[in-house]
Amino acid sequence: CLGLTLEKLESIKGSNYEKKEKEDQTILVYRNTDFESSAFLKHYNMPSYFMEFTIKENKVIKIKFGFDYP
């Protein structure tokens with residue numbers, strides 16, 4: 001949720017993310033691309049899913065998520 005600290009986000013989602021720096025913000029992108037073992041991806045018949053968290057001053061200020069379309 002918005003307002004989470006980076007430490008709390010990592011404790012919930014883990015540290016397996018792609019990190020991008022942009023001005024005074026950090027963007028963390030989590031991806032689920034394992035179609036074979038993901039019931040979630042199989043249910044929606046989609047190849048991958050992402051969650052993107054924008055961090056500023058150690059707090060989540062923006063969340064984007066959805067499927068990556070082929």
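N45 is exposed, with a relative accessible area of 59%, where exposed means over 50% relative accessible area, buried under 20%, and partly exposed in between (1.4 Å probe, protein chains only). This residue sits in the loop between helix 2 (39-44) and strand 3 (48-56); helices (H or I, at least four residues) and strands (E, at least two) are DSSP runs, numbered from the N terminus. The phi of N45 is near 50°, a positive value in a residue other than glycine. Most residues other than glycine have a negative phi.

The structure is a predicted model, in which local features need pLDDT of at least 70 and side-chain atom pairs count only at pLDDT 80 or more, while totals for chains, interfaces and linings use all residues. Residues are numbered from 1 along each chain as its sequence is written, and side-chain values use heavy atoms, with hydrogens and water left out.

## The sheet and its helix

Four strands form an open sheet in the order 1-2-3-4, with antiparallel pairing; two strands are taken to pair if DSSP finds at least two bridges between them. Strand 1 (18-22) and strand 4 stand at the edges with a single partner strand each, so one side of each is left without a neighbour in the sheet. From one strand to the next the twist averages 20°, where axes are lines fitted to C-alpha atoms, for helices over the stretch in contact, and angles run from 0 to 180 degrees between N-to-C directions.

Strand 2 (residues 25-32) is joined to strand 3 by seven bridges, the two running antiparallel, and R31 has F50 in strand 3 as its bridge partner. Helix 1 (residues 6-13) packs on the sheet, touching strand 2, strand 3 and strand 4, and its direction makes about 5° with that of strand 2; contact here means heavy atoms within 4.5 Å.

## The hairpin of strands 3 and 4

Strand 3 and strand 4 pair in the antiparallel sense over nine bridges, and T54 stands opposite K62 in strand 4. These two strands form a hairpin with two residues between them, and E57 in the turn has a positive phi of about 50°.

N58 is found in the loop between strand 3 and strand 4 (59-68), and it too has a positive phi, of about 65°, although it is not a glycine. With 33% relative accessibility, N58 counts as partly exposed.

## The nonpolar core and Y30

The largest nonpolar core has seven residues, L4, L9, L28, Y30, F53, I55 and V60, such a core being a set of buried Ala, Val, Leu, Ile, Met, Phe, Trp, Tyr and Cys residues joined through side-chain atoms within 4.5 Å. The elements that give two or more residues to this core are strand 2 and strand 3. Not counting residues up to four places away in sequence, L9 touches G14, L28, Y30, F53, I55 and V60.

Y30, found in strand 2, counts as buried at 7% relative accessibility. Beyond its neighbours within four places in sequence, the contacts of Y30 include L9, E10, K13 and G14. The backbone oxygen of G14 lies 2.6 Å from a polar atom of the Y30 side chain, and the C-alpha atoms of Y30 and K13, 17 residues apart along the chain, are separated by 8.2 Å.

Note on methods: Polar contact = N/O pair within 3.5 Å; in protein donor to acceptor, adjacent residues only side chain to side chain.
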